[in-house]
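Please look at the sequence and the structure before reading on.

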There are 4 protein chains.
Amino acid sequence: MIRVAVVGATGYAGAELVRILAGHPDAELAVLTSRQYAGVRFDRVYPAMAGKIDSVCREYSTNMVCEEADLVFLALPHKLPMAYVPEILQRGKKIVDLSADFRFKEARLYESVYQPHTAEHLLESAVYGLCEIYTDQIKAAALIGNPGCYPTSVLLPLIPLLKAGLLNPGSIIADSKSGVSGAGRSLSLTSHYCEVNESFKAYKVAAHRHNPEMNAILSREAKMPVSITFVPHLVPMSRGMLTTIYATPESGVDRQTVVDCYRQAYHLKPFIRLCPEDRLPNTLHVRGTNFCDIGFKYDEHNRRLILIAAIDNLVKGAAGQAVQNMNLMQGLDETAGLSDVAFPV
Amino acid sequence: MIRVAVVGATGYAGAELVRILAGHPDAELAVLTSRQYAGVRFDRVYPAMAGKIDSVCREYSTNMVCEEADLVFLALPHKLPMAYVPEILQRGKKIVDLSADFRFKEARLYESVYQPHTAEHLLESAVYGLCEIYTDQIKAAALIGNPGCYPTSVLLPLIPLLKAGLLNPGSIIADSKSGVSGAGRSLSLTSHYCEVNESFKAYKVAAHRHNPEMNAILSREAKMPVSITFVPHLVPMSRGMLTTIYATPESGVDRQTVVDCYRQAYHLKPFIRLCPEDRLPNTLHVRGTNFCDIGFKYDEHNRRLILIAAIDNLVKGAAGQAVQNMNLMQGLDETAGLSDVAFPV
Amino acid sequence: MIRVAVVGATGYAGAELVRILAGHPDAELAVLTSRQYAGVRFDRVYPAMAGKIDSVCREYSTNMVCEEADLVFLALPHKLPMAYVPEILQRGKKIVDLSADFRFKEARLYESVYQPHTAEHLLESAVYGLCEIYTDQIKAAALIGNPGCYPTSVLLPLIPLLKAGLLNPGSIIADSKSGVSGAGRSLSLTSHYCEVNESFKAYKVAAHRHNPEMNAILSREAKMPVSITFVPHLVPMSRGMLTTIYATPESGVDRQTVVDCYRQAYHLKPFIRLCPEDRLPNTLHVRGTNFCDIGFKYDEHNRRLILIAAIDNLVKGAAGQAVQNMNLMQGLDETAGLSDVAFPV
Amino acid sequence: MIRVAVVGATGYAGAELVRILAGHPDAELAVLTSRQYAGVRFDRVYPAMAGKIDSVCREYSTNMVCEEADLVFLALPHKLPMAYVPEILQRGKKIVDLSADFRFKEARLYESVYQPHTAEHLLESAVYGLCEIYTDQIKAAALIGNPGCYPTSVLLPLIPLLKAGLLNPGSIIADSKSGVSGAGRSLSLTSHYCEVNESFKAYKVAAHRHNPEMNAILSREAKMPVSITFVPHLVPMSRGMLTTIYATPESGVDRQTVVDCYRQAYHLKPFIRLCPEDRLPNTLHVRGTNFCDIGFKYDEHNRRLILIAAIDNLVKGAAGQAVQNMNLMQGLDETAGLSDVAFPV
């Protein structure tokens, strides 16, 4: 059993980690921390867990966490992880950080959208935890920067095609739609029920902090600078993310080329489901699961590929992928603890 | 491994059975039948199951089912089970029937709300599958009439108090609220999205077919005639059921009497969660699970007890309880395959 | 044109007042105040009003309000109105107060659920603004205590029957279900999207502050002490309230007695719609309107009447009834500005 | 008073027409027809209209309609209008047809996505009822082909920029998101509550019948062939449509060029609201109204314009625009009967 700590256990991503890890065959929830609820039983904050988890939330301390856990999940707002990570690593513990702090190779890029980076020396060795793409690096890593939810849904359908040179790298547009849980548990008018219900809108148009994260990874994989237009939208539902990507194929690319490319890239990846031609991804089919469903259409008349990916923003887009990273880092079955399928409805 | 058949696998209750059984450690999904989708892969009807279930739906035949399965779940509209059950039983198979056909001891009562009963001789030996109440009978049964969703949410909070003589049996009112999946997958204006969304209404007021089912069981347990007023309502959500029950306590009954009665009845029951005084049941906390959360308040000023129970109508109210019945019938751990907890959100 | 002020214009009830008054043929929106948004254009807070309202929200001052308006709507949290009302009245202005501050005749009762009352001397002359019941008093009033949303949905179906002696006054239970907008625009975990969506729960069971308000009015109308059990629930929808009331009829009362009683009480009331026997109230049918739809069933077997009322909590339960009060106070057509019907869906 | 007929009054678009026309100062609802509900009072089908509309739905007959109405709204599935329109016109009545039958100038185009056209001779004189663009033609028209909901949301933001030559016509992608009412009242699994709720998906990707309609109008306005990639999505909400358009600006175009172009095109158009730079369209702000809110961002880094438009699919996307067309045809105030603003929430 791996003793794990969930730091920031009472936010939505943290609580989802707790839920998944509570059913994980090889992990033991050794420590749950929460600033806001220190001293409170976790199942009083999330009564859904009553009868399953009887732990009390604790105040974070690096010492306590390192003594009681072998692997640490950090489900904190960015900036805090930078402060904690160096010492945790030094004490020989592994880390999966769900914030943006260790997703970038270049501090400059991070700093252009977040704040000054205080642990720049660790960026080189930190691995971007997009499990299907960086599997081998993850297996060897001590520190994972777990991808953002939007990047996960954008990168998984794009990377194989870009790497294979099937897409015009200057033509890419990603139109994403996210459920509300992506905004977290912090109170805000944008997550206030009546402001969201029966509402649909775009936000942070071509200005979202996940955009540079996507560009950096796409450029690395395409081995040339790639910059995409990214527009997120908010959907009146709790969970789920669907991304529709528009890209111009290079000449000679047809439907079958794309099918073959995806098959080759993903046929051994247990969490990627390639949709048959007559079915497209739907967030309902991946709700509560670590799947990323990918489908596409070729608009021949306009010579555009339309790639569609669906994930659960809290699972494959956050906590599930974090556990998948742990599985890889620990040499476990990649799917351990992640075998849920979605409800029929 | 028990070989099981799910007859009527593509309705919502059937599909939920498939989902639960696909994760059950001791069951093997040997047969899925569907009239509407015979010949179609199950995961084409429910793409959520892609990668998990590769079975093809088959046309029902008693012979086929009995040859390939040891235990049969019937998730069919009432009337059909009456026709199939006698032969299946005769061939030595066990049955959990999710319809109303075998929930009544008296054919007359069944016939007053459904239609003529064609397998009356089996009613005596059929066991009402309310697992926490009829545990021992279920263990010995060959045929289970799986309770309706409303009755489950009404009976579990009422029976211990009624049996202990704590309630005035003439005072009971149950005001239930159900998510829309309870109406099933059949098309109907009452399940049409725009008619349900942003809508709340009562229906079949004091005229629902589950009312006689409740009265029969309550009378049996109270050992006197009990008739309750029952009013169901429709909530704009997919899953979940909350029942608010009003009853006058007998004199001398106070809060502690009720707490003690519930503890005694349910402290060993893994799916009943008694809520602490400062927390009440919420459908969100049981979504996707087999739990029944029970809480109550004592309105001392008006001398009324208010009992509240929350279940997932498709799980504890249908497929989950059906699997719990199977577990009991087969001598398995009662919770096998049913250990999911609800998502934090 | 009546010059009106909406004090507290940016809360949900205030904004709904602005919406309704912007379409009122005889009212001119002279002043909008908002503490939080003073200095900001109203349509920047509520872009729905762009092109319709170009006013800027102002800081409240009694002087300003009294100089620029003839009638003042106070859409503030309770406690503030007590402080403002005496001077506004003294300056000869009429007031419709949407808070609880002037709903009670007895300060003691108010104080038992709110806080010390600082304008007790005005309680005697203040009129409870339940328009269908206190029409004549409202016409003559200078100060209206606008009813709460729950009381409106409970009192309108109950009062005619209670006054006519058709109900056992000790038997009454009201099970109410409200949309989320009733909790207002203030941020709170209980209105956070993901906590509400796909969730159904009871809250403040037999302990809601509207309960004494209901009891006081019911007792006044029944001319004897009436105390009811009241349980509110939260529905995952923005607007709408449905109340299901259970009461034992006095002997000799049958379905027709109730129909006749309602007809007599309400046949001239433009906002009460009595539902035909085969149709029951549904919040969707009153959404965005000032209607109160009332229907009922007689559970003869258990000798219980089940009364059902549906309103829009923000309209008949707040802003619409406030405007209806203004109409009555000003001798206008009672329905002026309130002629909207609900969307088909 | 104009006597109007609503043919197909019980579908969602028809019922919305009834709602709007019931509040129209210059229109009288002379005839409501419904095949399914002939002989039934309209308010029994839509109880929201109780107390407002007491008409009975009638079986359609050209004779009856032409005798009792001056202007006819056809809210029928395509194909039926082709059969009715010639005779209605011949009898000197004006028609607003909400189907696709008279939206195309070329029968061939219509036939490529619908079926053989049986009233081809009328296509030339029929006017495409996009009110802000074809105002003068509409004023003079006898037959209006009322635009589809998707085309309305795509064309209004695009046409001014395309006409002014600000966009590369080969670069246009429209990613639309629609509420469920767009699918109408006919029962279908795709509108079944549990299949839609908590679900988000694309459908008919680059294959929707509204795509040729858009291309035809865009080509006409741009005076060159324009073909766009169009992808519709389904949002779990009843009403509302948001379209996000991606297009490459011609060189020299900056933010201000676009602002100026929109201002010039739309500053006198009462239903177009141009959003200030710091606010983007949101379906909530136009719900139940005839507004089209338009905003945009310029992604300078990638040299792409992102245009966003929000409408209510049943109002500006169907019934509201139909009434706006009537207003123009009859020389009434363009906004008559259409002055509603959206609820604050």
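## Basis of the model

This is a predicted model, in which local features need pLDDT of at least 70 and side-chain atom pairs count only at pLDDT 80 or more, while totals for chains, interfaces and linings use all residues. Residues are numbered from 1 along each chain as its sequence is written, chains are lettered from A and ligands numbered from 1 in the order in which they are written, and side-chain values use heavy atoms, with hydrogens and water left out.

## The interface of chains A and D

The size of an interface is often given as the accessible area lost when the parts come together. Buried area is here the accessible area (1.4 Å probe) that two parts lose on being put together, summed over both. Between chain A and chain D it is about 3500 Å², and carbon and sulfur atoms give 56% of this. Glu198(A), Phe200(A) and Arg304(A) supply 20% of the area that chain A buries against chain D, more than any other three residues. Contact (heavy atoms within 4.5 Å) joins 44 residues of chain A to 44 residues of chain D.

A salt bridge is a side-chain nitrogen of Lys or Arg within 4 Å of a carboxyl oxygen of Asp or Glu. Four salt bridges are found across the interface of chain A and chain D. In a salt bridge between the side chains of Asp175(A) and Lys177(D), the N to O distance is 3.2 Å. Asp175(A) also meets Lys177(A) in a salt bridge, at 2.8 Å from N to O. Both Asp175(A) and Lys177(A) are buried, a word that means under 20% relative accessible area, with exposed meaning over 50% and partly exposed in between (1.4 Å probe, protein chains only).

## The two domains of chain A

Chain A is divided into domain 1 (2–125) and domain 2 (149–313), with bounds that come from an automatic or database domain assignment. Taken over C-alpha atoms, the domain centres are 27 Å apart. In chain A, 14 residues of domain 1 are in contact with 11 residues of domain 2. The area buried between these domains is about 1100 Å², of which carbon and sulfur atoms give 52%. On the side of domain 1, Tyr12(A), Arg103(A) and Val113(A) lose the most area to domain 2, together 42% of what that side buries.

Two salt bridges are counted between domain 1 and domain 2 of chain A. The side chains of Arg103(A) and Glu213(A) meet in a salt bridge, at 2.9 Å from N to O.

## Salt bridges and a buried serine

Over all chains, the structure holds 72 salt bridges. Glu221(A) forms a salt bridge with Lys163(A), with 3.3 Å between the closest N and O atoms. Glu221(A) is buried, with a relative accessible area of 11%, whereas Lys163(A) is exposed, with a relative accessible area of 51%. In chain C, Arg103(C) forms a salt bridge with Glu213(C), the closest N and O atoms being 2.9 Å apart, and both residues are buried.

Where is Ser153(B) found? Ser153(B) lies in helix H7 (residues 149–163) of chain B; helices (H or I, at least four residues) are DSSP runs, numbered from the N terminus. Ser153(B) is buried, with a relative accessible area of 0%. Apart from neighbours within four places in sequence, the residues in contact with Ser153(B) include Ser176(B), Met241(B) and Thr243(B).

Definitions and conventions. Helix = DSSP H or I, 4+ residues; strand = E, 2+ residues; numbered from the N terminus.
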